[in-house]
Amino acid sequence: MLASVANKAVAGRCEQRCGYSSQQQRQQEKPQQQEAPASNPHRDFYKDFGPPILKVFFGAFIVYQGLYYGWLKLEDIEKRHDSEAEIERLKAQIQEAQSKAKATLHPDEAARGGRSSKSSWYKFW
């Protein structure tokens, strides 16, 4: 209670010196505090154009990744095709070499599968 009386007395002295009451002073201070801060052009740009920029970025990223994985798949198919063609070519060479080897053998050895009767089992290893 004593504090409120002291505050009123101090407020009365301010009124006499300044020429207006503390309520008028508070009313003048409030509009200054309620003013909106100046807008930042950098922030306004991204507020307006940020979502479209992100949509374009993510769209381009998805398209790039799709094309990249498509390219990898095509490359894998090409490598598989090349390796299968190489395997077939090597199989043909092996069969050709085996047929030439059988043709050069003596007719008796060819009948026994290319082994002579003098060779023993351990010379194979």
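**Surface, helices and side-chain pairs**

Tutor: The surface of the protein comes to about 12100 Å², and carbon and sulfur atoms supply 60% of it. Please keep in mind that this is a predicted model.

Student: How many of the residues count as buried, as a percentage?
Tutor: Of the 125 residues, 1% count as buried.

Student: What about the secondary structure: how many helices and strands are there?
Tutor: There are 4 helices and 0 strands. Along the sequence this reads as α-α-α-α.

Student: Let me pick helix 3. Does its length match expectation, or what span should it have?
Tutor: Helix 3 has 64 residues, which at 1.5 Å a residue should span 94 Å. Its end C-alpha atoms lie 91 Å apart, which agrees. Helix 3 covers residues 41-104.

Student: Where is the kink in helix 3?
Tutor: The kink is at Phe49, shortly before the proline Pro51, and amounts to about 55°.

Student: And at the start of helix 3, which residue does the side chain of Asn40 reach to?
Tutor: A side-chain oxygen of Asn40 comes to within 3.1 Å of the backbone nitrogen of His42.

Student: Changing topic: how many salt bridges are there?
Tutor: The count is 3 salt bridges. In general, side chains of opposite charge can pair when their charged atoms come close.

Student: Which residue does Asp76 meet in a salt bridge?
Tutor: Asp76 meets Arg80, with 2.8 Å from N to O. The two are 4 residues apart in helix 3, so about one helical turn separates them.

Student: Why does that spacing matter for direction?
Tutor: An α-helix has 3.6 residues a turn, so residues three or four places apart point the same way.

Student: What does Glu86 pair with?
Tutor: Glu86 forms a salt bridge with Arg89, and their closest N and O atoms are 2.4 Å apart. These residues sit 3 apart in helix 3, again about one helical turn. Glu86 has 35% relative accessibility and counts as partly exposed; Arg89, at 39%, is also partly exposed.

Student: Then which side chain does Glu96 meet?
Tutor: Glu96 meets Lys100 in a salt bridge, at 3.5 Å from N to O. They are 4 residues apart in helix 3, or about one helical turn. Glu96 is partly exposed at 43% relative accessibility, whereas Lys100 is exposed at 53%. Lys100 counts as exposed because its value is over 50%.

Student: On to the rings. How many aromatic pairs does a search of the whole structure find?
Tutor: The search finds 5 aromatic pairs. One of them joins Phe45 and Phe49, whose ring centres are 5.1 Å apart and whose planes meet at 40°, so the pair is tilted. Phe45 and Phe49 are 4 residues apart in helix 3, about one helical turn. Phe45 is partly exposed at 38% relative accessibility, and Phe49 is partly exposed at 43%.

Student: What about Phe57 and Phe58?
Tutor: The centres of their rings lie 5.4 Å apart with the planes at 65°, so this pair is edge-to-face. Phe58 is partly exposed, with a relative accessible area of 46%.

Student: Last one: which residues do ring pairs link into a cluster?
Tutor: Phe45, Tyr46 and Phe49 are linked into a cluster by ring pairs. Phe49 is also where the kink of helix 3 lies.

Technical notes
Residues are numbered from 1 along each chain as its sequence is written. This is a predicted model: local features need pLDDT of at least 70, side-chain atom pairs count only at pLDDT 80 or more; totals for chains, interfaces and linings use all residues. Side-chain values use heavy atoms; hydrogens and water are left out. A salt bridge is a side-chain nitrogen of Lys or Arg within 4 Å of a carboxyl oxygen of Asp or Glu. Buried means under 20% relative accessible area, exposed over 50%, partly exposed in between (1.4 Å probe, protein chains only). The expected span of a helix is 1.5 Å times one less than its number of residues. The bend at a residue is the angle between axes fitted to the seven residues ending there and the seven starting there. A polar contact is a pair of N or O atoms within 3.5 Å; within protein, one must be able to donate a hydrogen and the other to accept it, and residues adjacent in sequence count only if both atoms are side-chain atoms. Accessible areas come from the Shrake-Rupley method with a 1.4 Å probe; for residues, only the protein chains shown count as cover. Rings of Phe, Tyr and Trp (its six-membered ring) pair if their centres lie within 6.5 Å; planes under 30 degrees apart count as stacked, over 60 as edge-to-face and the rest as tilted.
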